[in-house]
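Morning, everyone. Please have a look at the model on the screen while I talk.

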Amino acid sequence: MFTRRMLAGLGLAAIAFTAQPAQAQGELVVYCSVQEEWCRPMMQAFERATGIRVSMTRRSSGETFAQIKAEAANPRGDIWWGGTGDPHLQAAEERLTEPYQSPQLANQLPWSRRIAEQSGFRTVGIYAGALGFSYNRQQLERRRLPVPSCWADLAKPEYRDEVQVADPNSSGTAYTKLATLVQLWGEQRAFEFMRAMHRNVNQYTRSGAAPARAAATGESLIGITFMHDAVTQAVQGAPVVVVAPCEGTGFEIGGMSIIRGARNMENARRFYDWALTAEAQAIAVQANAFQVPSNANATVPPQAPRLSDIRLIDYDFAKYGSSAERTRLLARWDAEVRNAPRR
């Protein structure tokens, strides 16, 4: 978790940004795994700062990891920016990414540097955020349903067909939820709960942030996401209440990795260094993204959930970011949860 020791220390098409700098400085292909509303201004700002022409593709963490793995013999991307850290760590373990120690590393918070060291400097933490859920207050009141405050509530029969969550095969958010429940309760109880909650799930989305938008619009009563994704909806005026589950919860450390064999390696390193600066990380707030930034000099958005106020588990990134454990848990989830009958 953000334990005291840590605290101490939607489009899929490629998008080319053309700021038309005075002097072209080459190209860069970025795979982006945060929301597109944040991807775009980041790429535009980098182009303005460097004159490097950026082509960007936005996909979820799980989808991007699968793409990088499929392209390993002939890499098309240069850098993977954003998305949950577990698939970044799996990519590091499988040597799909390149070691790099940025001069900016000294300015990052301890949890960011710890992930870098743990991965052999094949990835680095760029932001953090706690897992939770949100519910539509207006819908809840209109239907006179009880207020959910715990993970266990989401399996109750009164929420039948009212819960939305992503598929952990494509979504890093949903894989974090799976790994969180296993660490919180033990594997057997966690899978019993997920099978029970399965009856209440109206859709397993591809994107981890999509359930927050569904709760905001009333398409779904409850959406399981990182809390900052729900805060984004609330800031924009949606009638949602953000919940930190009473039993405790996991968290993500968003990652950034240079793809092994990148064709534009020097430009990838330039982006890596720039993205770790406080100035680059300040772009998040402009895009209504409310994660906790990794740079110690960056300002934490006032709307961001306060990690010190949330009951966070001691999330084991090494174990649950490993290829073997991730593959095993996803296979079990497919067999026992995704394909279970909705009785």
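I will go through ring pairs, charges over rings, disulfides and salt bridges.

First, some ground rules. This is a predicted model, so to speak of local features we need pLDDT of at least 70, side-chain atom pairs count only at pLDDT 80 or more, and totals for chains, interfaces and linings use all residues. Residues are numbered from 1 along each chain as its sequence is written, and side-chain values use heavy atoms, with hydrogens and water left out.

Let's start with the rings. A pair of aromatic rings is described by the distance of the centres and the angle of the planes. Rings of Phe, Tyr and Trp (for Trp, its six-membered ring) pair if their centres lie within 6.5 Å. Planes under 30 degrees apart are stacked, over 60 edge-to-face, and the rest tilted. How many aromatic pairs does the structure hold? There are 13.

Take Trp38 and Trp81. Their ring centres are 5.1 Å apart and their planes sit at 80°, so this pair is edge-to-face. Where do they lie? Trp38 is in helix α2 (residues 36–50), and Trp81 is in strand β4 (residues 79–81). The pair therefore ties together parts that are 43 residues apart in sequence. A word on the labels: helices (H or I, at least four residues) and strands (E, at least two) are DSSP runs, numbered from the N terminus.

Are Trp38 and Trp81 buried or exposed? Both are buried. Buried means under 20% relative accessible area, exposed means over 50%, and partly exposed is in between (1.4 Å probe, protein chains only).

Next, Phe133 and Trp151. This aromatic pair is tilted, with 6.0 Å centre to centre and 55° between the planes. Phe133 sits in strand β6 (residues 124–136), while Trp151 sits in the loop between α6 (137–142) and β7 (163–166). So the pair ties together parts 18 residues apart in sequence. Phe133 and Trp151 are buried.

Rings can also form a group. Phe251, Tyr315, Phe317 and Tyr320 are linked by ring pairs into a cluster.

Now charges over rings. The rule here is NZ of Lys or CZ of Arg within 6 Å of the ring centre and within 35 degrees of the ring normal. Arg326 lies over the face of Tyr175, at 4.4 Å from the ring centre. Arg332 lies over the face of Phe191, at 4.3 Å from the ring centre. Remember Arg332, please.

On to the disulfides. A disulfide is a pair of cysteine sulfur atoms within 2.5 Å. The structure holds two.

One joins Cys32 to Cys39, with S to S at 2.0 Å. Its angle about the S-S bond is -90°, and the link is left-handed. Cys32 is buried, at a relative accessible area of 0%. Cys39 is buried too, at 0%.

The other disulfide joins Cys150 to Cys246, with S to S at 1.9 Å. This link of Cys150 and Cys246 has 120° about the S-S bond and is right-handed. Cys150 lies in the loop between α6 and β7, and Cys246 in the loop between β10 (240–243) and β11 (251–259), so the pair ties together parts 96 residues apart in sequence. Cys150 is buried, with 13% relative accessible area. Cys246 is partly exposed, with 37%. Count the bonded cysteines along the chain and the pattern is 1-2, 3-4.

Last topic: salt bridges. Side chains of opposite charge can pair when their charged atoms come close. Here, a salt bridge is a side-chain nitrogen of Lys or Arg within 4 Å of a carboxyl oxygen of Asp or Glu. How many salt bridges does the structure hold? It holds 12.

Glu94 and Lys69 form one of them, at 3.3 Å, N to O. This pair links distant parts of the chain: Glu94 is in the loop between α4 (85–93) and β5 (97–98), and Lys69 is in helix α3 (residues 61–70), 25 residues apart. Glu94 is partly exposed at 24% relative accessibility. Lys69 is partly exposed at 44%.

Then there is Arg338 with Asp167, at 3.8 Å, N to O. Arg338 lies in helix α15 (residues 323–338) and Asp167 in the loop between β7 and α7 (172–185), so this pair ties together parts 171 residues apart in sequence. Arg338 is partly exposed at 33%, whereas Asp167 is buried at 15%.

Finally, back to Arg332. Glu187, Arg195, Glu325, Arg328, Arg332 and Glu336 are linked in a network of salt bridges. And Arg332 also lies over the face of Phe191. Thanks, that's my tour.
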